[in-house]
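Me: I'd like to learn how to read a structure like this one, feature by feature. Could you take me through it?

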Amino acid sequence: MTEYNLYPLLREHVVSDHPTSYLEIGVQDGHSLKTVLKADVTRRIERVALCDNWGTSYGGTGKGNHQHIHNVLKSVDYQGAVEFYDGDSKKTVPTIPGYFDLILVDGDHSMDGCRIDMENSWKILKENGSMVIDDIIHPDHKYLLQVVSNFIGKKSNDILHVQYCTKELNGVIVIKKKEDKNG
């Protein structure tokens, strides 16, 4: 796979991995969500969970709520289940039931926030699922590459594949979870 920014990479993973469930941490205006759902031309995605504080703390729109996301869902004619988890992802993600095939971590860009979002997401990522972490070389968050690298080192026995996409824009890493042969 060549180096990609976030949107082409998300499209490629939807097309190749055929997820049925998607969790997005850090929704903002819904561009990533729209990208994922548009790429799902076979309409396999049955469940979408969206976690955001809907404020301006991390580049948010400041819209204060998720009402604008309903327009995004309507624009792609999404008919599946939608769950909103409003608030701090460090608190809301652990409350999300079930597991996900594809997770985008693009919320709290602090060192601890990103680390905790990855740890919490990993617990609910299905085997053979992919976790995408955005902005790992963003000029304002250059430390995130080290945070993600440390996470990868700690989880290396549970990782099938890591894809570093760090030559374009703000950088993205995709971590594919290994299937548990003992489970």
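**Starting with helix H5**

Reply: Let's begin with the buried residues of H5, which are Gly 113, Cys 114, Asp 117, Met 118, Asn 120, Ser 121 and Trp 122. Buried means under 20% relative accessible area, exposed means over 50%, and partly exposed is in between, using a 1.4 Å probe and protein chains only. As for the labels, helices (H or I, at least four residues) and strands (E, at least two) are DSSP runs, numbered from the N terminus.

Me: What should I keep in mind about the model itself?

Reply: This is a predicted model, where local features need pLDDT of at least 70 and side-chain atom pairs count only at pLDDT 80 or more, while totals for chains, interfaces and linings use all residues. Residues are numbered from 1 along each chain as its sequence is written, and side-chain values use heavy atoms, with hydrogens and water left out.

Me: What pLDDT does the protein chain average?

Reply: pLDDT is the predictor's confidence in each residue, from 0 to 100. Here the protein chain averages 87, and 89% of the residues score at least 70. Among the elements, E1 has the highest mean pLDDT (97) and strand E6, residues 159-165, the lowest (80).

Me: How many helices and strands are there in the protein chain?

Reply: There are six helices and seven strands. Going along the sequence, the pattern is α-β-α-β-α-β-α-β-α-β-α-β-β.

Me: Which salt bridges does Arg 115 form?

Reply: A salt bridge is a side-chain nitrogen of Lys or Arg within 4 Å of a carboxyl oxygen of Asp or Glu. Arg 115 pairs with Asp 112 at 3.4 Å, N to O, and with Glu 119, where the closest N and O atoms are 3.3 Å apart. Salt bridges that share partners join Asp 112, Arg 115, Glu 119 and Lys 154 into one network. Within helix H5, Arg 115 and Asp 112 lie three residues apart, about one turn of the helix. Arg 115 and Glu 119 lie four residues apart in that helix, also about one turn.

Me: How many salt bridges does the count come to?

Reply: By this rule, eight. One of them links Asp 88 and Lys 90, with the closest N and O atoms 3.2 Å apart. Asp 88 is partly exposed at 30% relative accessibility, and Lys 90 is partly exposed at 29%.

Me: Where is Lys 123 found?

Reply: Lys 123 is in helix H5, and it counts as exposed because its relative accessible area is 59%. Lys 123 and Pro 94 are 29 residues apart in sequence, and 8.8 Å apart in space, C-alpha to C-alpha.

Me: How many disulfides does the structure hold?

Reply: A disulfide is a pair of cysteine sulfur atoms within 2.5 Å. The structure holds zero. Cys 51 counts as buried because its relative accessibility is 1%, and Cys 114 is buried at 2%.

Me: Which residues have a positive phi without being a glycine?

Reply: Among them are His 18, with a phi of about 50 degrees, and Gln 28, with about 55 degrees. His 18 lies in the loop between helix H1 (6-17) and strand E1 (21-25), and is partly exposed at 37%. Gln 28 lies in the loop between E1 and helix H2 (31-39), and counts as partly exposed at 34% relative accessibility.
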